[in-house]
Amino acid sequence: MHELGATEALIELAEKECAKKNIPKPKRILAVLGALSSYCPEPILMYFDLLRSQHQILSECELAISAEPAVVKCKKCGKERKIKDMGEILCPTCDKAGIEIVSGKDLYIKEIEY
Ligand SMILES: [Zn+2]
């Protein structure tokens, strides 16, 4: 399960953010998962639950993950659009399939509530 590494990275990032913003006990981490990411939200939530107890400041913190559509750019005409999965590779404007991913591959922290 490669989500374990992603969860560890997310926790590390959350700890850094909390240290930077002087948040002693965050209540909730709002994370965003891009539609083209290779991760599934369920295992991330499960690993977070397991790992949380090993991290003092996150012991009472919840994780919420929301999905975000990916933004891709057509290599032919340069038009950007949002897609939900790789099945939508054909450009509706020029009918070509080459795309460049602008965003939507990552898992990142949007907000930390405290
Ligand atoms: Zn196009």
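Which order do the three strands of the open sheet have? The order is β4-β3-β5, and the pairing is antiparallel. Two strands count as paired if DSSP finds at least two bridges between them. Strands are DSSP runs of E, at least two residues, and helices are runs of H or I, at least four, all numbered from the N terminus.

A word on the source. This is a predicted model, where local features need pLDDT of at least 70, side-chain atom pairs count only at pLDDT 80 or more, and totals for chains, interfaces and linings use all residues. Residues are numbered from 1 along each chain as its sequence is written.

Now take β3, residues 70–74. Four bridges join β3 to β5, and the two run antiparallel.

Next, the helices. Helix α1 covers residues 3–20, and helix α2 covers 41–52. They pack at about 55°, with axes 9 Å apart. Axes are lines fitted to C-alpha atoms, for helices over the stretch in contact, and angles run from 0 to 180 degrees between N-to-C directions.

Who makes the contact? On α1, E3, L4, A6, T7, E8 and I11. On α2, P43, I44, Y47, F48 and L51. Contact means C-beta atoms, placed from the backbone, within 7 Å.

Notes. Contact = placed C-beta atoms within 7 Å.
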